[in-house]
Protein chains: 2
Amino acid sequence: MRVSSALLQKAAKTVDKYSLYVPKSGVFPKGFKVASLASGVKKNGNRDLGIILNTNKSRPSNAAAVFTTNRFKAAPVLVSKQVLDGSSGEGVNAIVANSGCANAVTGELGMQDAQKVAGQVNAHIGKENSTLVMSTGVIGQRLQMDKISKGINTLFDQKQFGSDFNSWLNLAKSICTTDTFPKLISSKFQLSDGTEYTLTGISKGAGMICPNMATLLGFIVTDLPIKASTLQAMLTAAVNRSFNCISVDGDMSTNDTICMLANGAVDTFVIDEASPDFEQVKSQVTEFAKQLAQLVVRDGEGATKFVTVNVKNSANFKDARIIAETISNSMLVKSALYGQDANWGRILCAIGYSKLENLASLDESKINVSFIATDNSSPRELKLIANGVPQFDIDENRASEILALPDLEILVDMGTGSEECQFWTCDLSHEYVTINGDYRS
Amino acid sequence: MRVSSALLQKAAKTVDKYSLYVPKSGVFPKGFKVASLASGVKKNGNRDLGIILNTNKSRPSNAAAVFTTNRFKAAPVLVSKQVLDGSSGEGVNAIVANSGCANAVTGELGMQDAQKVAGQVNAHIGKENSTLVMSTGVIGQRLQMDKISKGINTLFDQKQFGSDFNSWLNLAKSICTTDTFPKLISSKFQLSDGTEYTLTGISKGAGMICPNMATLLGFIVTDLPIKASTLQAMLTAAVNRSFNCISVDGDMSTNDTICMLANGAVDTFVIDEASPDFEQVKSQVTEFAKQLAQLVVRDGEGATKFVTVNVKNSANFKDARIIAETISNSMLVKSALYGQDANWGRILCAIGYSKLENLASLDESKINVSFIATDNSSPRELKLIANGVPQFDIDENRASEILALPDLEILVDMGTGSEECQFWTCDLSHEYVTINGDYRS
């Protein structure tokens, strides 16, 4: 096997992602408490069970979710869907999540298990149809109901819920599988009248688990009051621009779920689609979801680079998205990024075989492709293709500098319209193959 | 970087593909002569220019081709399309192919170069609109016309054309880029009345070239007389079941071309779609094209395994094809195959996110997935999923035996109809990442 010493050195220089991406403190939305523990499902004794609980009583807590479109939907996905359908997203007060077992491909018994988990939390909070349930981990195995059930009772009976930073960080840890760091972000925002509100987000992925797949879970909670149908519209829009715009390896799991709770603990008018603040909150939620989704790419298996694929000036959004996704999923492009090779040919090729909805989105003579430096060095833009013509006099030294950065951007200007889409991807490394080819050995 | 010693040992045990897949002799169709030489475009002095010439005068030689659907079509693709359109596929007597330079993304000047190459061969054989042209190699660079032009003249003026085995093998070598072996197959067939005819095929791919992509070229020539429109229908059908059913990394190049010549040197009735032998010849050509396409997968970069993905009993062919393709392109499935891991979860997951045309093609409770041994050992079939239920008592020893084979089959029985599709893929190895991430160093 030919592995150059340069690549081996590069792989050895692993970044300390934990210190870079895990916060040391945080502010959290009013009216939520969280708890987590090690139920014993994870054999290494790590936390594997967590609950988010609404404690605000001033208004019903509303919920929304976006689920995997994989045809083999895991039991927790189907049960959470039932809860949302049955409640119209109103009065949903809890999310219970476990890691170590995905409760996927477990048939009718798996459905009963997921219903029991949700039912047990409902019983503790005294309200039916009030709990969403999520699982991540090994597929094809049933939940160890004794451990999970005991764990839920312990959390409630021993009053282990808290709203401090460590409680939230521990919750983020409790849904990790092979993630190398817990993913937790939190920010304060203002409405137009100065009213403050908070968004907190937790995510996990795209770690492999045996025998398994990359499961993506995400929660966003806020103390704003948001009408249930508006919350769903807002989350769907945000996910379309965030979690649906990331690529580690292009695979989509049976358990992928992004959900959102809005408990209305902030004393302000309920936000619906006619509210003056609707567009602003929607874009704040979208930007926040992008940050949360990007953490998943940063923790991509074996990833040494975080790459933004920015397709702009497209005739329509769908085709901008298709092109960004095709570049992001190309094994040849991802390998070239790992090798720090300014390979415009592979990018152009991926654009060319993108399955566009509207052929007019791509005009071969109008396309521009550049690498963009993300570290404020200059020149910021290195043009690879100008109006369809490859640039043969590119500054190779500058190309090497940009490609050596851990963060970089591929900018594709379609020149056929005004729509744009960003996708976030990582490179394809030896380590990816090692992790995914070799985890049993 | 964590690379287990087991994987390193496996990678070191490279198969001698040349001795396995390159024939030592062959029979070739009547009425064709071929020639090739090193024009100097390839810096290592290897052959890089080849010509196939029809010498039969009893009937016009007909041609058909299937071209890349990539939007950035290379100049030789566009010129060959013009030749076929202008001639209706009738009276096409030559194919000229060069390697080392793809003449892609070269604009109007590249078009003129490709036209000059075809025109020069036309002049030698004394007939306009008579030559298809193909190129593979570096993209974004113009052909070195002085070398190519001199090479074509040398081949014709020095009468270097031959019809023996070595001439054909050298032609196969002349279109190689980073291929590790030349791809040449040849077989005799019979019509229903006992008339013999021959198919010879040459292909290349999916090797990487800098700065570049995997280009797939294939020629099939026969001495049967086949009506031009029938030949096109036959080739399109064959390619749909062969070259369009292989996956190395899912990327499709600017230059991909499969073409076919039928010179009618065999003295029999011209075959059209009403001929009694039509269906038989079509299926012979299809099976032959499958063999030729499979050689490309066997030479997949870094590949240690050849995997047939066989999707059967589907409600329709399109969805069988989509599922087979999705499994074949899944980086997680390909990594698991490299790691020899009986990972039914990743296969099921890929089936679940396949973008089906008709949702009824997949019934989660009817699907069966097995590994099939290809070495006549038994039990031949190892069932992983039975009617949607994962089999937890699988024989791990038998799984290890099957997964250690260099050839294996993944069988997916949809249970929703009677259509089927085979796809051929390879595993994703460290070596793939090394080749594609590191070729500049």
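Start by colouring chain A by pLDDT. This is a predicted model, and the mean pLDDT of chain A is 90, with 92% of its residues at 70 or more. Select residues 1–13, where pLDDT is under 50 and the model has 23 contacts beyond four places in sequence. Then select residues 208–213, also under 50, with 31 such contacts.

Next, select T215(A). The UniProt annotation "active site" covers this residue. Look for T215(A) in the loop between β7 (196–204) and β8 (217–222) of chain A. Is T215(A) buried or exposed? Its relative accessibility is 1%, and buried means under 20%, so T215(A) counts as buried.

Now move to chain B and its open sheet. Show the 5 strands in the order β3-β10-β8-β7-β6; their pairing is mixed. Which strands stand at the edges? They are β3 (62–67) and β6 (183–190) of chain B; each has a single partner strand, so one side of each lacks a neighbour in the sheet. From one strand to the next, the twist averages 15°.

Strand β7 (residues 196–204) of chain B is joined to β6(B) by 8 bridges, and the two run antiparallel. To see one position in this pair, select I185(B), which stands opposite G201(B) in β7(B).

Helix α6 (residues 165–174) of chain B touches β6, β7 and β8 (217–222) of chain B, and its direction makes about 130° with that of β6(B). Helix α7 (residues 228–240) of chain B touches β3 and β10 (257–262) of chain B, at about 35° to the direction of β3(B).

Select Q284(B) in helix α8 (residues 278–298) of chain B. Q284(B) has a relative accessible area of 14%, so it is buried. Beyond four places in sequence, Q284(B) touches F189(B), Q190(B), Y197(B) and L199(B).

Turn to helix α11 (residues 344–353) of chain B. Here 10 of the 10 residues are buried, so the helix is largely enclosed by the rest of the structure. Among them are W344(B), R346(B) and Y353(B).

Last, select the nonpolar cores. In the largest, of 112 residues, those touching the most other members are F243(B), I327(B), I351(B), I367(B), F371(B) and I410(B). Helix α8(B) gives the most to this core, with 10 residues. A second, separate core has 111 residues, including A238(A), C245(A), I271(A) and F288(A). Finish on I410(B): beyond four places in sequence, its contacts include V307(B), I327(B), L337(B), I347(B) and F371(B).

Conventions. Residues are numbered from 1 along each chain as its sequence is written. Chains are lettered from A and ligands numbered from 1 in the order in which they are written. This is a predicted model: local features need pLDDT of at least 70, side-chain atom pairs count only at pLDDT 80 or more; totals for chains, interfaces and linings use all residues. Side-chain values use heavy atoms; hydrogens and water are left out. pLDDT is the predictor's confidence in each residue, from 0 to 100. Contact means heavy atoms within 4.5 Å. UniProt positions are given in the numbering used here, feature names are shortened, and annotations may be inferred rather than shown by experiment. Helices (H or I, at least four residues) and strands (E, at least two) are DSSP runs, numbered from the N terminus. Buried means under 20% relative accessible area, exposed over 50%, partly exposed in between (1.4 Å probe, protein chains only). A nonpolar core is a set of buried Ala, Val, Leu, Ile, Met, Phe, Trp, Tyr and Cys residues joined through side-chain atoms within 4.5 Å. Two strands pair if DSSP finds at least two bridges between them. Axes are lines fitted to C-alpha atoms, for helices over the stretch in contact, and angles run from 0 to 180 degrees between N-to-C directions.
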